[in-house]
Amino acid sequence: MPLDDRAAAPTDVQVIGLDLSITSTGVCRVDGSTFRIRTRQKDGPKRLTVIRDRLTIEVAKQQPDLAVIEDLPTKMHPKSLKPVAALHGVVQALLVDAGVPWAYIAPATLKKFAADNGGASKRDMTAAAFLADGATFEDDEGADQVDAWWLRAAGFDWLGLPLFTMPEAQREALSKADWPDTYAQRYVMGAAS
């Protein structure tokens, strides 16, 4: 959706960011605070339920109007892809149950939005968050929290409620994301709370 065609969202809209990983899921709450949900490999498929249960509680508490999720990387080993794809399905199901629409942003698109470089490093993403809004992240060696933070910021930007000033070229990167078609319509029609 072109930036000029986006519907203006109400100022009380709530967005969460989710960087899904079977070992360390990054979460950015509606207030901008971040944390990780860690799981252990030895727990096998039970890791899906650990993440699901924690996110179900967070979604119930946070009551987001939109969840923005980092999409699967385009190049991923099939053995690694299976558990992550399963996690995405589990998270989509809990969002459906909660009535929360979601958007998907490819990793390169998120990096282009955040750091003006589709190949930005974890360090670049963290530095860009600090420059944009003074954000810092404790215990985030895998950059799960900073990615979730940028996903939330991207959601607000797409809704026409940017959290901070960004160069227009970086903001334009968001047009490549997979935004929910009905989401803007819900706000235009006043159906969303």
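**Aromatic rings and buried parts**

Modeller: Trp-158 and Trp-179 are both buried (buried is under 20% relative accessible area, exposed is over 50% and partly exposed is in between, with a 1.4 Å probe and protein chains only). The model is predicted, so local features need pLDDT of at least 70 and side-chain atom pairs count only at pLDDT 80 or more, while totals for chains, interfaces and linings use all residues. Residues are numbered from 1 along each chain as its sequence is written, and side-chain values use heavy atoms, with hydrogens and water left out.

A pair of aromatic rings is described by the distance of the centres and the angle of the planes. Rings of Phe, Tyr and Trp (its six-membered ring) pair if their centres lie within 6.5 Å; planes under 30 degrees apart are stacked, over 60 edge-to-face, and the rest tilted. The search of the whole structure finds 6 aromatic pairs. In one of them, Trp-150 and Phe-164 have ring centres 5.6 Å apart and planes at 85°, so this pair is edge-to-face. Trp-150 lies in helix H5 (residues 144-158) and Phe-164 in the loop between H5 and helix H6 (168-172), so the pair ties together parts 14 residues apart in sequence. Helices (H or I, at least four residues) and strands (E, at least two) are DSSP runs, numbered from the N terminus. Trp-150 is buried at 0% relative accessibility, and Phe-164 is buried at 11%.

For Trp-158 and Trp-179, the ring centres are 4.5 Å apart and the planes are at 0°, so the pair is stacked. Trp-158 belongs to H5 and Trp-179 to the loop between H6 and helix H7 (181-188), so this pair ties together parts 21 residues apart in sequence. Ring pairs also link Phe-113, Phe-137, Trp-149, Trp-150 and Phe-164 into a cluster.

Strand E1 is another buried part. In E1 (residues 15-19), 5 of the 5 residues are buried, so the strand is largely enclosed by the rest of the structure. Val-15, Gly-17 and Asp-19 cover one side, and Ile-16 and Leu-18 the other. E1 pairs with strand E4 (residues 66-70) in the parallel sense over 4 bridges, where two strands pair if DSSP finds at least two bridges between them. Ile-69 in E4 is the bridge partner of Leu-18. With strand E2 (residues 24-28), E1 pairs in the antiparallel sense over 3 bridges. E1 and E2 form a hairpin with 4 residues between them.
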